[in-house]
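Please keep the sequence and the structure in view while reading.

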Amino acid sequence: MNRLLLAAYPASYRARQGDEVLACLAEAYPGRSWPPPREIAALVRSGVQARARGVAGDPARPWWLDGIHLTGLVLAALALMPYLQDVWHWALRVDPGPHAIAFRHSGWYPWAEGPGTRTRLLPYGLLPLICLAALVRGRVWLALPASAAMVYAGIASGGDTVLFGDEGKAGMGYYGLGTPITSHDPVLSGALFLACATLAACRPGRLRRRSYGLLVPVVLALALAGSLHVTAVSPVFQRGLFVLEVAGLLAAWAATAATGDRRWLIPVAAFAFVRTQAIVARPEWFLQSLPNLIVLLLLVAPLPVLAITAQRRRERALLA
């Protein structure tokens, strides 16, 4: 099981020193399949720092271009989250019944008709999923029309039969640190489209092409949400998403502290802007588990922290 910890390191590092790390772990902790939690945290932190140094040291693309690319990935994942169950049920032709998310045709197959329902041809969640998969592989020519379709779905008005049904998700925010962002709010989809358009205008061939392995957690999340009928209003979903976002912020901080590079500040700023705008625009939808001011501070606080961390790391590098 120790080999799973090596996944935090770049492939080049694993090829050079992977066996040595495994031998050290086996010698230090004989008979154990996993090292102690403190050692696990240290190995993961070291792996993130090694990956960050490799990314920051790559001269093939400017830091801001990679930052915008990361922003597109973050926003596409954020837009997909509420629709995990819906996309899985649509793909496997499963009728979720009372577990369906809040569409007006709740409980019906996406392609079915029934009393009081509005037929749809495709689930809205397919759009951010296509955009996310395309950006992982650096295929902006596919991500750009998908993000444009998201903008269209949010502003278009449908009749009895529409392409994406109710075209959005309604419900409570998650864990008190955000607010629901429906497709009718153009800020998220508009920011994603702007990121994809910028990437398309800046020679897409220069974009980083990441491994298909990054899509494995997405498939697992789809299967988990679909099989357990976990929706965005579930406390389990809310807390799980909160943990993921905290982990993402910690990874961005670790990468910034290791390199002094500012590319990770761009996706964090975009995420904070989208979430803050949603709370300010629709305060009546905000789940009041914490005071609004505290939530806004929690969303905005990572920005100066990352900026100060990057500046201090650069100053230490100049003094060294």
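In helix 5, which covers residues 84-92, the buried residues include Leu84, Gln85, Asp86, Val87 and His89. Arg93 follows helix 5 and has a positive phi, near 55°. The model described here is a predicted one.

| Helix pair | Residue ranges | Angle | Axes | Handedness |
|---|---|---|---|---|
| Helix 6 and helix 7 | 126-136 and 140-155 | about 155° | 8 Å apart | left-handed |
| Helix 4 and helix 11 | 63-80 and 265-281 | roughly 40° | within 7 Å | right-handed |

**Helix 6 and helix 7**

How are helix 6 and helix 7 oriented to each other? Their packing angle is about 155°. Angles over 145 degrees count as roughly antiparallel, and helix 6 and helix 7 are therefore roughly antiparallel to each other. On the side of helix 6, the contact is made by Leu127, Pro128, Ile130, Cys131, Ala134 and Leu135. Helix 7 contributes Leu142, Ala143, Ala146, Ser147, Ala149 and Met150 to this contact. Sorted by class, the contact of helix 6 with helix 7 has 11 nonpolar residues, one polar residue and no charged residues.

**Val151 in helix 7**

Helix 7 also holds Val151. Is Val151 buried, partly exposed or exposed? Its relative accessibility is 23%, and Val151 therefore counts as partly exposed. When neighbours within four places in sequence are left aside, Val151 is in contact with Ser189, Gly190 and Phe193. A further pair is formed by Val151 and Leu192, which lie 41 residues apart along the chain and whose C-alpha atoms are separated by 9.1 Å.

**Helix 4 and helix 11**

The axes of helix 4 and helix 11 cross at roughly 40°. That angle makes helix 4 oblique to helix 11. Which residues of the two helices meet? From helix 4 come Trp63, Trp64, Gly67, Ile68, Leu70, Thr71, Val74, Leu75 and Leu78. Their partners in helix 11 are Ile266, Pro267, Ala270, Phe271, Val274 and Arg275. By class, the contact of helix 4 with helix 11 divides into 12 nonpolar residues, two polar residues and one charged residue.

**Summary**

In this predicted model, helix 6 and helix 7 are roughly antiparallel and their crossing is left-handed. Helix 4 is oblique to helix 11, and helix 4 passes helix 11 in a right-handed crossing.

How values were computed:
Residues are numbered from 1 along each chain as its sequence is written. This is a predicted model: local features need pLDDT of at least 70, side-chain atom pairs count only at pLDDT 80 or more; totals for chains, interfaces and linings use all residues. Side-chain values use heavy atoms; hydrogens and water are left out. Axes are lines fitted to C-alpha atoms, for helices over the stretch in contact, and angles run from 0 to 180 degrees between N-to-C directions. Helices (H or I, at least four residues) and strands (E, at least two) are DSSP runs, numbered from the N terminus. Angles under 35 degrees count as roughly parallel, over 145 as roughly antiparallel, 65 to 115 as roughly perpendicular and the rest as oblique. A crossing is left-handed if the near helix is turned anticlockwise from the far one by less than a right angle, and right-handed if clockwise. Contact means heavy atoms within 4.5 Å. Ala, Val, Leu, Ile, Met, Phe, Trp, Tyr, Cys and Pro count as nonpolar, Asp, Glu, Lys and Arg as charged, and the others, Gly among them, as polar. Buried means under 20% relative accessible area, exposed over 50%, partly exposed in between (1.4 Å probe, protein chains only).
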